[in-house]
Amino acid sequence: MGRLMDITGDVGTYYLGVARTARVSEAVLGQQWNIRGHRSRHYHALHDRIQNERVPLDEHGRDVVLWKHDENTYKPHFSSSRTWEQVRVKKNKVVWSKSVWFSQGVPRYSFIVWLAIKDRLSTGVRMRAWGIQQGCLMCGERDESRDHIFFACPFTFTVWNRLAGRLCGRWINPDWSLTLQFVTRNTLSSLDKILVQMLFQTCIYYMWKERNDRRHQKGYHSTEQAIRIIDKAIRNRISSLRYKPDHKLAGLIQRWFEVFDNT
Ligand SMILES: [Zn+2]
């Protein structure tokens with residue numbers, strides 16, 4: 001019938017006369033169930049159900065531990081994903097989820113994109129609350145906001161435009177919301193759709209890295225160098241994906257050469 005606590009609440013163990021931490025085997029005495037409660041009006045049916053169940057005895061086999069895989073499925077092996085599904089708090093799917101998580105994506109890029117979408121990157125505008133003044137490290141703009149870095153800043157927009165311009169066509173735009181909207185929903189072919197998603201996350205990751213490198217005096221790249229770095233990252237990622245020759249994504253690297261090499 002399920003967990004006793006779920007059926008009766010905390011008072012159930014009291015009525016049945018078993019300890020709250022008791023195991024099923026501890027509600028047995030000799031060959032019989034050792035529970036009270038048959039006089040209780042509320043638990044009469046429950047009591048009958050238990051009495052009709054087979055008593056767990058050594059001769060019926062060893063006790064085993066089972067892992068809960070979902071509401072009604074128990075298996076001998078542990079599954080971290082099934083366990084996570086049960087303990088996590090589920091909310092409605094956000095419209096932009098595919099712009100952050102997709103099978104060709106790189107997890108460490110996805111993480112930065114996710115922070116960017118939630119506007120949780122520690123930009124100058126957000127650091128102001130901690131008393132830190134920080135303008136744009138690429139162009140000198142006073143307000144270093146998420147929307148400025150992606151991609152209203154002349155530096156980052158130059159990079160984004162050179163890499164994604166051919167794919168986005170007239171939709172290329174320095175505006176954050178419009179760009180996210182386009183990456184999330186567009187009418188591109190399936191290969192181009194994936195390339196735009198990959199470019200979006202790779203550009204955000206490397207532009208944020210460029211910003212941090214400059215902030216901590218770790219390095220400095222020109223737009224031209226940044227474009228090469230991102231192009232190389234995209235190529236490496238595509239090459240690392242193992243598609244069978246006839247897979248519909250096998251032409252991904254070819255398509256990337258077409259749209260990028262000719263620009
Ligand atoms: Zn800037």
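The following dialogue takes up some labels used for this predicted model and the values behind them.

Biologist: What do the residue numbers and thresholds rest on?

Modeller: Residues are numbered from 1 along each chain as its sequence is written, and side-chain values use heavy atoms, with hydrogens and water left out. In this predicted model local features need pLDDT of at least 70 and side-chain atom pairs count only at pLDDT 80 or more, while totals for chains, interfaces and linings use all residues.

Biologist: Why is H9 called roughly perpendicular to H13?

Modeller: Helix H9 (residues 154-168) and helix H13 (residues 252-261) pack at about 110°, with axes 9 Å apart. Angles of 65 to 115 degrees count as roughly perpendicular, under 35 as roughly parallel, over 145 as roughly antiparallel and the rest as oblique, so H9 is roughly perpendicular to H13. The axes are lines fitted to C-alpha atoms, for helices over the stretch in contact, and angles run from 0 to 180 degrees between N-to-C directions. Helices (H or I, at least four residues) and strands (E, at least two) are DSSP runs, numbered from the N terminus.

Biologist: Which residues make the contact of H9 with H13?

Modeller: Arg162, Leu163, Arg166 and Leu167 of H9 meet Trp256, Glu258, Val259 and Phe260 of H13, where contact means heavy atoms within 4.5 Å. They divide into five nonpolar, no polar and three charged. Ala, Val, Leu, Ile, Met, Phe, Trp, Tyr, Cys and Pro count as nonpolar, Asp, Glu, Lys and Arg as charged, and the others, Gly among them, as polar.

Biologist: What makes H11 roughly perpendicular to H13?

Modeller: The angle between H11 and H13 is about 75°, and their axes are 10 Å apart. That value makes H11 roughly perpendicular to H13. From H11 the contact takes Leu191, Asp192, Ile194, Leu195, Met198 and Leu199, and from H13 Leu252, Arg255, Trp256 and Val259. By class, this contact has eight nonpolar, no polar and two charged residues.

Biologist: How much space lies in the largest pocket, and which residues are the closest to its centre?

Modeller: The largest pocket holds about 1,800 Å³. Of its 38 lining residues, Gly2, Arg23, Val24, Ser25 and Trp33 are the closest to the centre. The lining has 22 nonpolar, six polar and 10 charged residues. The second largest pocket has a volume of about 360 Å³.

Biologist: Why is the pair of Tyr15 and Tyr43 called tilted?

Modeller: The ring centres are 5.1 Å apart, with 50° between the planes. Rings of Phe, Tyr and Trp (its six-membered ring) pair if their centres lie within 6.5 Å; planes under 30 degrees apart count as stacked, over 60 as edge-to-face and the rest as tilted, so the pair of Tyr15 and Tyr43 is tilted. Tyr15 is in helix H2 and Tyr43 in the loop between strand E2 (32-33) and H3, 28 residues apart.

Definitions and conventions:
1 Å grid on protein atoms, 1.4 Å probe; cavity = no way out; pocket = protein on both sides within 12 Å on 5 of 7 lines; lining within 4 Å. Points joined across faces, edges and corners; volume = space filled by probe spheres on them.
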